[in-house]
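Me: I have a structure open here and want to go through some of its local features. Can we start with the helix packing?

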Amino acid sequence: MGVTVREILQSQYFSGYRILAGKEALDLKAQAVVLFDAPDGYKWFKGKEFVITSGYLFKDNTELFKEVIMHLFKHKSAALGVKTQRYLNEVPKEIIDLCNSLPLPLIDIPYDVPWIDVINAVNSIAMNRYINRINDRNHNNSLFVNPHSLSKKIEQIGINLSHEIMSPVSIVDIMDKKIFTYPSTYKVREDCVPFSQHYDLPFNYQKEVMCDNLNMFRIKDLSGDNCCPWIVVPIALRDMIVSNLIIWEECEAIDYYDMFALRLSYTLLLSIYEQAYFATSFERRFYDDFIKSLISGELDSKSKVIRALANFQQSSLMIDNSFICICIRAEGEEVSLYTNREKIYRSFLFNLPKKKCILGIINDSTMVLLYDISDFKKDIIKTLKLNLKNILKELEANISNYYFKIGIGDPEKDICNMKKSYMEALKAIEIGSHIYPDSSIVAFEDLGPFGLIRVENMQRKSFGSNFKNIYPLLDEENAEELLETLKAFLESESNYNIAAKKLYLHSNTVRYRIGKIQQLCNIDLEDSTERLKAEIALKFINMVKK
């Protein structure tokens, strides 16, 4: 970035400063202001500094004066400012001639000016210049001031920053899995821009922390690919990284004043992402009622759905697409999903496409996700389960005192059929928790014939009436043995010998127990229908006992 000596001297603050020599080099850029008043201090100049000094070291030592000037010139320093009225009543002519011949600007600093004021004035010029340039570009760019074009705002900040620091810039949106790079012709290595909250790379690299407060760091590739270093600045909302601002140091490392532009761009990006986040956060609270109306059957036509969605500026649902209903139920002490809304949203944010899903809480323990599955070509349920595993992991990490069950309904070509898909998702949770007790995610299609059971029959008080023939068995002293034997017998396809091996019993013992079970329960296990009833009863035996 840098500020030219000409820009500095044209500022009103520097109106009392005089150019003693080197006028031809006023377009040299200063990237920092440094104070020099130690005999060998000049040896540590990095280059492009605006050097200021009281001149004490040069009193009666013209040779040191020359040596310092030559060192500054060789290291491409911007200028040398001296308080000539302090120790040097007059600058030697040979020094003036040397600065003119190189050329290197030599500037007379007024006697009473504090050093800190000089430093702050130059820094302000750098910052204000970038702010003015942003304002000028924004004035000519109507997209930037459009409150509904947040993505365009983000892109414009990247363009402004790239112009200012003269380095390629990328903005990696973790939420939407998108990357914007300027110039667009710059080829970004895909393995350098992971779409995750944890910035980890699949190769050997060195990480240099540049700013603890912003978590800013520089990455150097140590794998031997000769890739230029790059700087990463995470954009975080409530400890949740939503984007990464990346500066590719293609030509040279960014300088002191580039950091001003970078910090200001970070602040602007943070503000924009906060707008986007809180806008959608406010909107999410109203999807509750929309989803409740949809799964209750109240929105039974597309015209009603369209009217209901008209209130949501952020909604991008394509209601002519196919949808599926996913039900998530929380269990634990004093469950309240409403009080954990932000943690819940965080769990879904990075695992599902925002434009394809809407989420709503329908009661303290249950939430519903509507998912546009039009992009799925095959294996819909399998793919959904993989995505939901990540969500389940995030939910349990963010809300540690709850555990969750997820049910997936069948896909529907009409969004107005979400009531049916919702009821299927409920069945998947209610029935699946008994026939697949070790599975946290169950689809309706996994239930097979068990899907025929009515959800309302899952109430603990009334469920047992559907299998009343099992009650006599439960009253026996050796009920557990009998139940275990019946289960093994049915799993062995009514083969006494196989069941006996599973139970480590003699086959005659199994025969005796099965005969007793048939007498007590008045069932014929030779009949396929009776066997199915018994299998179903065993799946829900814990509820039947109650």
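Reply: The buried residues of helix 3 pack against strand 2 (18-21), helix 2 (62-74) and strand 7 (106-108). Keep in mind that this is a predicted model.

Me: Which are the buried residues of helix 3?

Reply: Helix 3 spans residues 93-101, and its buried residues are I95, I96, L98 and C99. They sit on the same side of helix 3, because the arc they cover around the axis is only 160°.

Me: And what exposed residues are on the face turned away from that buried side?

Reply: K93 and S101 are the exposed residues carried there by helix 3.

Me: Back to helix 2. At what angle do helix 2 and helix 3 pack?

Reply: The angle is about 10°, and the axes are 10 Å apart. Helix 2 is therefore roughly parallel to helix 3.

Me: Which residues make the contact?

Reply: Helix 2 contributes T62, F65, K66, I69 and M70, while helix 3 contributes E94, I95, L98 and C99. By type, the residues of this contact are six nonpolar, one polar and two charged.

Me: What about the backbone? Which peptide bond to P103 is cis, and what is omega?

Reply: The cis bond joins L102 and P103, with omega about -5°. P103 lies in the loop between helix 3 and strand 7. The bond from Y182 to P183 is cis as well, and its omega is near 0°. P183 is in the loop between strand 9 (178-182) and strand 10 (205-211).

Me: Then what is phi of N215?

Reply: Phi of N215 is positive, near 55°. N215 is in the loop between strand 10 and strand 11 (216-221).

Me: And N522: what is phi there, and where is N522 found?

Reply: Phi of N522 is near 55°, a positive value in a residue other than glycine. N522 is in the loop between helix 16 (507-521) and helix 17 (528-539). N522 is exposed, with a relative accessible area of 69%.

Notes
Residues are numbered from 1 along each chain as its sequence is written. This is a predicted model: local features need pLDDT of at least 70, side-chain atom pairs count only at pLDDT 80 or more; totals for chains, interfaces and linings use all residues. Side-chain values use heavy atoms; hydrogens and water are left out. Buried means under 20% relative accessible area, exposed over 50%, partly exposed in between (1.4 Å probe, protein chains only). Helices (H or I, at least four residues) and strands (E, at least two) are DSSP runs, numbered from the N terminus. The arc is that of the directions from the helix axis to the C-beta atoms. Contact means heavy atoms within 4.5 Å. Axes are lines fitted to C-alpha atoms, for helices over the stretch in contact, and angles run from 0 to 180 degrees between N-to-C directions. Angles under 35 degrees count as roughly parallel, over 145 as roughly antiparallel, 65 to 115 as roughly perpendicular and the rest as oblique. Ala, Val, Leu, Ile, Met, Phe, Trp, Tyr, Cys and Pro count as nonpolar, Asp, Glu, Lys and Arg as charged, and the others, Gly among them, as polar.
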